[in-house]
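Please keep the structure in view while working through the numbered points.

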Amino acid sequence: MSNLTLIRDFARQKLGADKSGHAFDHLERVARTAKYLAQKEGADLFQVQAAAYLHDVIDEKIVANSKEALIEVRDFLRGLDLEATIVDDLLYTIDNMSFAKTLTDQEVKLSLSGQIVQDADWLDAIGAIGITRAIYYGGRHGETIYDPKQPPRENLSYEDYRNLADETIINHFYEKLLKIKDQLNTSAAKDIATHRQNVMLDFLDEFKAEWRAER
Ligand code: ADP
Ligand code: NI
């Protein structure tokens, strides 16, 4: 079996049962988008797909202890026939690429493959798929759909982001999803985001018009 197949199987086994929006279908889409972006940007196809499959395996929303999960991934990767520099970059990428990390003061510089996987992950949070995932996530976490009296929070902090007891699904678009477009790293990803942003803006416009009984 190829290294990529082994990594894919490892990730599937780790996340297979997760239904919080990080299910295996998310990993497959991120790997597919990352491969497309890597072809456009001239990055290594194995490295971006491997990182795509592994990127959520250490997420604190999925595993009890993300430090231990990272060590488990490290030991797994060291057991494969891979150069140490490649393993190190994969581990650095998955440990530092999350949206939540961008809200901390920590200065993070991802490699080109890391930037591509981050872009692919973020692209999966916007557009039609992003709308679906936000509603799915919000429903599972008991969020209110919308409350016109509750304005979106400006400049979300790391603590705010992790403490979403009072979040509404529609506010999640203003606090996170609509901001993603301007945070993407590569121009190939920005090209895709332009269309997906309009899909979300149209959706929000229609949603509010229907809410006010205007349409
Ligand atoms: P990251 O791994 O970059 O920290 P998350 O794990 O927070 O991203 O988000 C995973 C998916 O769940 C995304 O599609 C995101 O938009 C959605 N999501 C996260 N938090 C919320 C929320 N409070 N309400 C609705 N959707 C959410
Ligand atoms: Ni992800």
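Predicted model: local features only at pLDDT ≥ 70, side-chain atom pairs only at ≥ 80, totals over all residues.

1. Before the helix pairs are discussed, one term is needed: a helix axis is a line fitted to C-alpha atoms over the stretch in contact, and the angle between two axes runs from 0 to 180 degrees between N-to-C directions. Two packed helices are described by this angle and by the distance between the axes.

2. Helix H1 (residues 3-15) packs with helix H3 (residues 45-54) at an angle of about 15°, and the two axes are 8 Å apart. H1 is therefore roughly parallel to H3, since angles under 35 degrees count as such. From H1, the residues Leu4, Ile7, Arg8 and Ala11 make the contact, and from H3 the residues Phe46, Gln49, Ala50, Tyr53 and Leu54. By class, seven residues of the contact of H1 with H3 are nonpolar, one is polar and one is charged. The crossing of these helices, H1 and H3, is left-handed.

3. How do helix H4 (residues 66-78) and helix H5 (residues 84-96) cross, and within what distance do their axes come? The axes of H4 and H5 cross at roughly 155° and come within 10 Å. That angle makes H4 roughly antiparallel to H5, because the term applies to angles over 145 degrees. The contact involves Leu70, Val73, Arg74, Leu77 and Arg78 on the H4 side, with Val87, Leu90, Leu91 and Asp95 on the H5 side. Six nonpolar and three charged residues make up the contact of H4 with H5, with no polar residue. The crossing of H4 and H5 is right-handed.

4. H8 packs with helix H11 (residues 187-211) at an angle of about 50°, with their axes 7 Å apart. H8 and H11 are therefore oblique to each other. In H8, Gly127, Ala128, Gly130 and Ile131 meet Arg196, Val199, Met200 and Phe203 of H11. The contact of H8 with H11 comprises five nonpolar residues, two polar and one charged.

5. Which helix gives the most to the shell around ligand 1? H8 does, with five residues. Helix H6 (99-102), helix H8 (127-140) and helix H10 (169-175) each supply at least two residues of that shell. Of the 18 residues around ligand 1, those that come nearest are Phe99, Arg133, Ala134, Tyr137 and His172. The shell around ligand 1 divides into eight nonpolar, five polar and five charged residues.

6. In the model, residues 23-126 are 67% helix and 0% strand, and the end C-alpha atoms of the span lie 17 Å apart.

Conventions: Residues numbered from 1 in each chain as written. Chains lettered and ligands numbered in written order. Helix = DSSP H or I, 4+ residues; strand = E, 2+ residues; numbered from the N terminus. Near = placed C-beta within 6 Å. Nonpolar A, V, L, I, M, F, W, Y, C, P; charged D, E, K, R; others polar. Parallel < 35°, antiparallel > 145°, perpendicular 65-115°, else oblique. Left-handed = near helix turned anticlockwise from the far one by under 90°. Contact = placed C-beta atoms within 7 Å.
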